[in-house]
Amino acid sequence: MRWLLSVVLCSALLVSNLIAAPAGKSREGGPRIRPQDPRSAQLLRDGMARSATFRALVDQIEASQVFVYVQVSPFIKASLAGQLTWMTQAGPYRYLRATISPDQTSNQAIASLGHELQHAVEVMGDTNVVSEQTLVSLYKRIGQPSSAVATSGWETIAAQEAGFQVRRELVDTTGAVMAAVLTENVHL
Ligand SMILES: [Zn+2]
């Protein structure tokens, strides 16, 4: 059975698109975080330019031996904003894939990516994780089953909070008054 570490982010839908702030630096990760398509690269650039929390997550991963391949892909369960899956291990290096749903506003997608990067940091902090099985062991310890996935989905409070915090910072940088919309209107 194929196992997925599936993670759900706040799937609140914003009623209008926020205008993206001009990207300051054109960083889109480094050698560790590898965007696989133009939209992923844009999400990374925007996230790093506009959210200190997002930037801190990227910096932690870039200083680690964990690689994260990032893709925006429609091949993700409709109820999920993003998910993190195990890829492989090679020597001291471990490889993860973060998949982000395309059916989100830019701000939502950046927050979803921030959420998944927090999961990557969680994996980074446990060197015992070297396979899907050991990844499950980690999440049995630090997470709880996710209600958005029928089987084998996990969630952590830290990742949820990371996503919420990134989204708050994105809203701050756009100066938009979105508080009412940003109440956690979770739909799974
Ligand atoms: Zn999650």
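Which residues coordinate the zinc ion? In this predicted model, the zinc ion is held by His 115 and His 119, each through its NE2 atom, and by Glu 155, which is listed with two OE donors. The distances run from 2.0 to 2.7 Å. The arrangement is irregular because the four donor atoms subtend angles of 51 to 150 degrees around the zinc ion. For comparison, four donors count as tetrahedral if all angles lie between 85 and 135 degrees.

Along the sequence, the donor residues follow the spacing H-x3-H-x35-E. His 119 belongs to helix H3, which covers residues 106–124, while Glu 155 belongs to strand E7, residues 154–155, so this pair ties together parts of the chain that are 36 residues apart in sequence. Both of these residues are shielded from the surface: His 119 is buried, with a relative accessible area of 0%, and Glu 155 is buried as well, at 4%.

The protein chain contains five helices and seven strands. Read from the N terminus, its elements follow the order β-β-α-α-β-β-β-α-α-β-β-α. The chain has 188 residues, of which 51% count as buried.

Two other helices meet H3, and each pairing can be described in turn. Two packed helices are described by the angle between their axes and the distance between the axes.

On the H3 side, the contact is made by His 119, Glu 122 and Val 123, and on the H4 side by Leu 135, Leu 138, Tyr 139 and Ile 142.

H1 spans residues 38–50, has 13 residues and reaches 18 Å from its first C-alpha to its last, close to the 18 Å expected at 1.5 Å a residue. The axes of H1 and H3 come within 9 Å and cross at roughly 85 degrees, which makes H1 roughly perpendicular to H3. Residues Arg 39, Leu 43, Leu 44, Asp 46, Gly 47 and Arg 50 of H1 meet Ser 106, Asn 107, Ala 109, Ile 110 and Leu 113 of H3. The buried residues of H1 include Leu 43, Leu 44, Asp 46, Gly 47 and Arg 50.

Where does Val 68 lie? Val 68 is in strand E3, residues 66–72, and is buried, with a relative accessible area of 0%. Among the residues it touches are Ile 33, Ile 61, Leu 96, Ala 98, Leu 117 and Ala 120. The C-alpha atoms of Val 68 and Ala 98 are separated by 6.6 Å, although the two residues are 30 apart along the chain.

Gly 30 and Ala 63 are 33 residues apart in sequence and 9.7 Å apart in space, C-alpha to C-alpha.

Conventions
Residues are numbered from 1 along each chain as its sequence is written. This is a predicted model: local features need pLDDT of at least 70, side-chain atom pairs count only at pLDDT 80 or more; totals for chains, interfaces and linings use all residues. Side-chain values use heavy atoms; hydrogens and water are left out. Donors are N, O and S atoms within 2.8 Å of the metal (3.2 Å for Na, K and Ca); water is not among the atoms, so sites may look incomplete. Four donors count as tetrahedral if all angles lie between 85 and 135 degrees; four count as square planar and six as octahedral if opposite donors are over 155 degrees apart and all others between 65 and 115; anything else is irregular. Helices (H or I, at least four residues) and strands (E, at least two) are DSSP runs, numbered from the N terminus. Buried means under 20% relative accessible area, exposed over 50%, partly exposed in between (1.4 Å probe, protein chains only). The expected span of a helix is 1.5 Å times one less than its number of residues. Contact means heavy atoms within 4.5 Å. Axes are lines fitted to C-alpha atoms, for helices over the stretch in contact, and angles run from 0 to 180 degrees between N-to-C directions. Angles under 35 degrees count as roughly parallel, over 145 as roughly antiparallel, 65 to 115 as roughly perpendicular and the rest as oblique. Lists of a residue's contacts leave out its neighbours within four places in sequence.
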